[in-house]
Amino acid sequence: MKGGLKDKLLAFGQQAAAAAAQGAKAAAKLASQEVLGAQCLLDYQLGQQVASSGPLGLWKIYLARSKKEGSLHPVVSAWVLDKRALTQTEELYGGGHHGSLARPSQRRLEAFIEQCRRDVQALARLKHPGVPRLVAPLEETRTQLVFITEPIFASLTDLLGGPACSLPPAAAAERRELRLSELEIKHGLLQVADTLHFLHSEAGLVHKGLCPSTILITQSGSWKLAGFGFSSPLDYAAAPGQSVYDYSDSDPTLLQQATQPPLPYVAPELVASGSAGVTGAADVFSLGCITFELSARRQLLPVGHSLADYESRVHSLTLVDMSGVPMGLEQPLRQMVAPVAAARPPAAAFPGCAFFQSDVLLRALKFLDTLIQREPMQKAAFLRDLPTMCAQFDARVLRYKVLPPLLGELRDTQLQPTLLPIILTIVKDQPPGEFADATLPALKPLLTSASGETLLLLVQNAELLAKAMPPAAAAEVLPTLLVRAAQHGDVRAQEEMLRKVQAMADTIDYEGLKKNVLPAVHTLCLGTTSAAVRVGSFACMSRLVARMDQAEAETMLATAVKVTAVDKSAPTTMCVLALGNSLAAH
């Protein structure tokens with residue numbers, strides 16, 4: 001009987017699990033359909049989820065690509081919060097288990113939605129490089145909230161792991177395996193500190209919810225601050241006898257957790273009752289907790305939802321074990337996480353500690369952050385030394401910290417010959433999709449306007465560019481570059497163009513080759529005064545014979561006849577004979 005009962009219970013559990021999985025799939029499919037129907041996404045093709053953010057990772061961030069050619073925002077991130085999934089999860093599981101959910105009160109749900117509205121409104125209002133750029137404002141449906149920002153790569157929560165990461169399992173595992181270098185962490189922390197300084201000194205705000213899920217890493221490598229739903233004016237104070245946040249429930253529902261910041265990152269003055277007005281020191285405490293976690297790979301306050309544990313650990317923070325924290329960072333961190341707000345330094349003081357100031361490579365990244373504002377002489381001097389420093393940067397720093405500002409400077413024609421060798425060295429290791437999204441848009445204008453040394457450099461690296469970009473992009477832009485070199489380049493660029501056509505003869509897009517490249521070769525052969533260019537043109541035709549039809553073969557013969565009528569030199573004659581042999585063989 002016992003065995004039979006056990007089997008029945010097991011079967012029942014399997015059926016329940018299957019039903020739950022089926023329900024989850026159906027809900028996900030319906031949610032996806034509704035997202036695609038959102039007005040702000042009509043012009044975009046929604047891709048896979050790439051990041052999560054906000055309380056408990058409730059904001060799911062998807063890659064989205066514009067359906068319009070030449071769009072101002074070809075790649076964006078779509079933020080989606082599914083209200084129905086939230087309430088369905090509560091109804092399915094109930095409350096009181098591992099922080100799971102009780103049936104939500106309508107009032108708390110409305111408070112959470114209003115918190116989300118404040119968050120997105122702040123993104124629209126706050127104009128600073130450290131705040132994600134809003135592309136489309138918040139759109140609300142009966143079951144979802146959707147808005148669009150610049151492309152996001154991940155939140156710090158996605159990289160650190162934990163319950164606030166809502167990525168699919170495979171994507172979550174991939175993000176957790178990524179290890180940020182110390183240099184990238186340093187640079188990111190400085191960007192966050194700069195954004196906090198802006199909030200405190202210019203915007204007159206305290207964030208009050210700073211934690212790993214509110215720090216976002218964009219596709220261009222910048223660390224930016226979101227999650228402004230908890231923010232308030234400086235010197236905000238709770239009602240007499242009350243605390244800013246109430247963490248008295250050791251087993252909160254999901255909505256309770258979502259409507260207040262995670263306890264391990266909250267400053268003591270936000271928890272204690274009867275505290276004076278909240279200042280920027282609260283955010284400095286949170287930044288200290290995050291910095292400790294990134295450095296030591298463990299939480300400073302691993303307290304979960306336990307207020308008693310939190311209070312105990314806060315009282316002993318002056319004695320906290322700093323093992324794993326770099327030597328130059330230990331003392332500043334102790335000051336930042338001081339239990340008393342008045343003892344903490346302002347956010348603006350954080351970048352001044354020796355841990356940051358002594359790093360030459362970090363100073364280079366900070367210079368790149370302001371490259372666009374520098375004088376031409378400063379830029380030129382810096383760029384001369386940059387290749388040496390690039391050898392010391394890892395691949396992620398090169399692609400996400402160094403490359404974007406260099407691409408932004410390509411508008412300066414005087415700097416192009418200096419910039420291109422550095423850029424082309426970096427893109428050797430750039431995945432094709434990333435090259436198409438981030439690098440190609442900056443290079444495209446050069447392909448139709450470059451001249452002199454810039455044009456020569458581009459043609460010399462035509463094979464590298466062909467390998468770096470997706471086939472469809474290569475079919476579009478490479479013929480344009482080769483024709484540009486034939487028509488507007490000097491003799492060096494024309495010779496190089498002819499060599500590259502021969503080297504890439506089997507891979508250049510057929511339509512582009514026949515309609516654009518070969519006519520340019522014929523025109524070059526007939527119009528040049530350079531014997532080397534004329535010889536190269538015939539060698540190029542010979543190499544391309546195998547891919548051409550009868551009509552093109554006749555055009556080649558016609559060009560040969562016209563040239564030999566006026567040029568009977570030995571090199572030209574030999575090349576024409578070689579062309580004839582190639583035509584006869586095919």
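Helix α13 passes helix α14 in a left-handed crossing, a term used when the near helix is turned anticlockwise from the far one by less than a right angle. Helices here are DSSP runs of H or I with at least four residues, strands are runs of E with at least two, and both are numbered from the N terminus. The model is predicted, so local features need pLDDT of at least 70 and side-chain atom pairs count only at pLDDT 80 or more, while totals for chains, interfaces and linings use all residues. Residues are numbered from 1 along each chain as its sequence is written, and side-chain values use heavy atoms, with hydrogens and water left out.

The axes of α13 (residues 360-369) and α14 (residues 376-390) come within 12 Å and cross at roughly 135°. That angle makes α13 oblique to α14. Axes are lines fitted to C-alpha atoms, for helices over the stretch in contact, and angles run from 0 to 180 degrees between N-to-C directions. Angles under 35 degrees count as roughly parallel, over 145 as roughly antiparallel, 65 to 115 as roughly perpendicular, and the rest as oblique. On the α13 side, L361, A364, F367 and L368 make the contact; on the α14 side, Q378, F382 and M389 do. Contact means heavy atoms within 4.5 Å. These residues divide into 6 nonpolar, 1 polar and no charged. In this grouping Ala, Val, Leu, Ile, Met, Phe, Trp, Tyr, Cys and Pro are nonpolar, Asp, Glu, Lys and Arg are charged, and the others, Gly among them, are polar.

Next come the salt bridges. A salt bridge is a side-chain nitrogen of Lys or Arg within 4 Å of a carboxyl oxygen of Asp or Glu. By this rule the count comes to 27. One of them joins D437 to R65, with the closest N and O atoms 2.6 Å apart. D437 lies in helix α17 (residues 432-449) and R65 in strand β2 (residues 59-66), so the pair ties together parts that are 372 residues apart in sequence. D437 is partly exposed, with a relative accessible area of 24%, and R65 is partly exposed at 35%. Buried means under 20% relative accessible area, exposed over 50%, and partly exposed in between, using a 1.4 Å probe and protein chains only.

Another salt bridge joins the side chains of R396 and E184, at 2.7 Å from N to O. This pair also links distant parts of the chain: R396 is in helix α15 (residues 395-408) and E184 in helix α6 (residues 182-203), 212 residues apart. R396 is buried, with a relative accessible area of 13%, and E184 is buried at 0%.

E330 and R334 meet in a salt bridge at 3.5 Å, N to O. Both lie in helix α11 (residues 327-336), 4 residues apart, which is about one turn of the helix. E330 counts as partly exposed at 25% relative accessibility, and R334 is partly exposed, also at 25%. Elsewhere, E463, E495, E496, R499 and K500 are linked in a network of salt bridges.

The last topic is the backbone. Most residues other than glycine have a negative phi. L56, although not a glycine, has a positive phi of about 55°. L56 is found in the loop between β1 (44-53) and β2, and is partly exposed, with a relative accessible area of 25%. R297 has a positive phi near 60°. R297 is found in the loop between α9 (281-296) and α10 (307-315), and is partly exposed at 46%.
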